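Hi,

Here is the structure I promised to pass on. Have a look at it first, then read my notes below.

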Amino acid sequence: MSTAEDDRVRTGLSVIREEVTDAELAELGVDLVGDFPGSTAADFRRYPVLSEGGWFVVVKHQPSLRSVSREAWGLLGPIALASTGLDIA
């Protein structure tokens, strides 16, 4: 296997975990001092997950993986069908 192929296999797929701000945590009702003592907004991330109930976009406290928000996402998650948004009359 060549080096380029080896690197491709090694890195694999990844999920982008977006940073969450203090203001966004406050909107979600998270009290950092009371709920997560010693944590900052840098300890939280937003990303998609697939569960038995379908796709969700969650905000989780990364050290404990405790969810603070879970919103339903599209049926196919990151996949958009070519027909999405078409108005067929």
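His61 sits in strand E3, which covers residues 54-61; helices (H or I, at least four residues) and strands (E, at least two) are DSSP runs, numbered from the N terminus. Before going on, a word on the source: this is a predicted model, in which local features need pLDDT of at least 70 and side-chain atom pairs count only at pLDDT 80 or more, while totals for chains, interfaces and linings use all residues. Residues are numbered from 1 along each chain as its sequence is written, and side-chain values use heavy atoms, with hydrogens and water left out.

Is His61 buried or exposed? It counts as buried because its relative accessibility is 7% (buried means under 20% relative accessible area, exposed over 50%, partly exposed in between, with a 1.4 Å probe and protein chains only). Its side chain makes a polar contact of 2.7 Å with the side chain of Ser64. A polar contact is a pair of N or O atoms within 3.5 Å; within protein, one must be able to donate a hydrogen and the other to accept it, and residues adjacent in sequence count only if both atoms are side-chain atoms. Setting aside neighbours within four places in sequence, His61 is in contact (heavy atoms within 4.5 Å) with Phe36, Ser39, Asp43, Phe44 and Arg66.

Arg66 turns up again in the sheet, where His61 stands opposite Arg66 in E4. E3 and E4 run antiparallel and are joined by 6 bridges; two strands pair if DSSP finds at least two bridges between them. They form a hairpin with 4 residues between them, and Leu65 in the turn has a positive phi of about 60 degrees.

E1 is joined to E2 by 2 bridges, and Glu18 stands opposite Arg46 in E2.

How many salt bridges does a search of the whole structure find? The search finds 1, and in it the side chains of Arg46 and Glu24 meet at 3.6 Å, N to O. The pair links distant parts of the chain, 22 residues apart: Arg46 is in strand E2 (residues 44-51) and Glu24 in helix H2 (residues 22-27). A salt bridge is a side-chain nitrogen of Lys or Arg within 4 Å of a carboxyl oxygen of Asp or Glu. Arg46 counts as partly exposed at 21% relative accessibility, and so does Glu24 at 26%.

Next, the inside. The largest nonpolar core has 8 residues: Val20, Leu25, Val30, Leu32, Phe36, Ala41, Phe44 and Val59. Such a core is a set of buried Ala, Val, Leu, Ile, Met, Phe, Trp, Tyr and Cys residues joined through side-chain atoms within 4.5 Å. In soluble globular proteins, nonpolar side chains tend to be buried together. Val59, in strand E3, is buried at 2% relative accessibility. Beyond four places in sequence, its contacts include Val20, Leu25 and Phe44.

Overall, the protein chain has 3 helices and 4 strands, in the pattern α-β-α-α-β-β-β along the sequence. Buried residues make up 18% of its 89 residues.

Cheers
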